[in-house]
Amino acid sequence: MKIVFFGTPEFAVPTLSSLLSHPEFEVVAVVTQPDKRRGRGNQLMPSPVKMAALNHHLPVLQPQRIKKDSETIAQLREAEADIFVVVAYGQILSQEILDIPNLACVNVHGSILPKYRGAAPIQRCLYDGEKATGITTMLMDAGMDTGGMLLKAFAGITLLDNVDSLGDRLAELGADLLVETLVKLRDGEVKAVVQDDADATYAPMIKSADYVLDWSKSAIDLHNQVRGFFPDCTTTFRGNSLKVIATVPVGPEYWLQMPADLRVLEREWPVLGELSGENGAVVKVVKGLGAIVQTGDGLLLLREVQLAGKKVQSGMDFANGTRLAVGEVFGS
């Protein structure tokens, strides 16, 4: 089975690697986003998928706008592929491109469709506080993740999962599911199931406003925002920007979901449960963990933060280094 692989971020790399490890598949070309400038040196950097492709000496295509790039479209036709596999590529494929492969275009999507169609399914499901998600393989059409569904695989979400940890698990899950999907397609053992649009939800791209923390929100909503939009959520501290990298909601409903190193919060609860303050205020600094902050509903531990121009540090190191005092307010 000859395959052209479309993908860009790290999330897509396990699927490409899985295809390359199975002798029944031949990846004849890889399509990925153009190199982008990153880092302090503002140097052009290849995508993770491009680096993986070059490591396997695969031809790489990087059109700026694939729908308008006649040269790339001609190269795709010349590849005479049976299947186009698309995993978080980052550009919408035109119907002209979808019609090129001999068999189908198959997408590996990071949600259980029809929920979370769109560009940021993993981020948005965490933001919404979902307890489970998964991967759907589907036949592509010209719509936004509206094609017929092929196979699904499910994954639970833990309280302390963020977009990186959940994304890593889903990437591996998707790699296995894609191989199973292609084999069953080849053998006629799977048929596409039409999505019910009435059940559809959308996962739009993340915007700058999504990163700003509003301390009038509940502790669990803020926690879900921090882990869903990791590592870029921000507040202010003493007039300067502060990134909030990791948090933990504090309260009896969360004890069973916490690892051993956080069980001290349960022991401290008889005291913590009686504390209160204005939204965003530090109500206590717990030894070994860091600041406990009052929210619009409940308490939130700042587990990891990052001062502007500094490295990520633990909540305790931040509290010690800044001599954080009870009553100080974030976001004011």
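At 4% relative accessibility, Asp161 counts as buried. The cut-off for that class is under 20% relative accessible area. In this predicted model, the side chain of Asp161 meets that of Arg169 in a salt bridge, with 2.9 Å from N to O. Arg169 falls in another class: its relative accessibility is 35%, so it counts as partly exposed. The bridge between Arg169 and Asp161 is one of the salt bridges described here. A search of the whole structure finds 11 of them.

A second salt bridge involves Glu96 and Arg77, whose closest N and O atoms are 3.2 Å apart. Glu96 belongs to helix H4 (residues 95-98) and Arg77 to helix H3 (residues 70-79), so the pair ties together parts that are 19 residues apart in sequence. Glu96 is partly exposed, at 41% relative accessibility. Arg77 is also partly exposed, at 44%.

The salt bridge between Arg238 and Glu328 has an N to O distance of 2.7 Å. This pair links distant parts of the chain, 90 residues apart. Arg238 sits in the loop between E10 and E11, whereas Glu328 sits in the segment after H9. The relative accessible area of Glu328 is 22%, which makes this residue partly exposed. Arg238 is partly exposed too, at 46%.

The backbone of Arg238 also stands out. Its phi is near 55°, a positive value in a residue other than glycine. The loop that holds Arg238 runs between E10 and strand E11 (240-250). Arg323 likewise has a positive phi, near 55°, and is not a glycine. Arg323 lies in the segment after helix H9 (315-322). With 74% relative accessibility, Arg323 counts as exposed. A further positive phi, near 60°, belongs to His57, which follows H2.

Two peptide bonds are cis. One runs from Leu113 to Pro114, with omega near 10°. Pro114 is placed in the loop between strand E7 (104-109) and helix H5 (121-127). The other joins Phe230 and Pro231, with omega about 0°. Pro231 is found in the loop between helix H7 (219-228) and strand E10 (234-237).

Helix H2 (residues 48-55) has Val49, Lys50, Ala52 and Ala53 as its buried residues. Down the axis of H2, these residues fall within an arc of 165°, so they line one face of the helix. A general point of geometry applies: an α-helix has 3.6 residues a turn, so residues three or four places apart point the same way. The cover over the buried residues of H2 includes strand E1 (2-7), helix H1 (13-21), strand E2 (26-31) and E5.

The largest nonpolar core holds 40 residues. Those with the most contacts inside this core are Phe5, Leu16, Leu19, Val30, Val85 and Leu182. Helix H6 (residues 163-186) supplies the largest share, 8 residues. Another core lies apart from the largest one and has 21 residues, among them Leu222, Cys233, Leu242 and Val293. In soluble globular proteins, nonpolar side chains tend to be buried together.

Phe5 illustrates the packing. Leaving aside residues up to four places away in sequence, Phe5 touches Ala12, Thr15, Leu16, Leu19, Val27, Ala29, Val30, Val31, Val49, Val85 and Val87. Among these partners, Leu16, Leu19, Val30 and Val85 are listed with Phe5 as residues with the most contacts inside the core. Val49, also touched by Phe5, is one of the buried residues of H2.

Note on methods. Residues numbered from 1 in each chain as written. Predicted model: local features only at pLDDT ≥ 70, side-chain atom pairs only at ≥ 80, totals over all residues. Heavy atoms only, no water. Core = buried A, V, L, I, M, F, W, Y, C linked by side-chain atoms within 4.5 Å. Buried < 20%, exposed > 50% of the residue type's maximum accessible area, 1.4 Å probe, protein only. Helix = DSSP H or I, 4+ residues; strand = E, 2+ residues; numbered from the N terminus. Contact = heavy atoms within 4.5 Å. Arc of directions from axis to C-beta. Salt bridge = Lys/Arg side-chain N within 4 Å of Asp/Glu carboxyl O.
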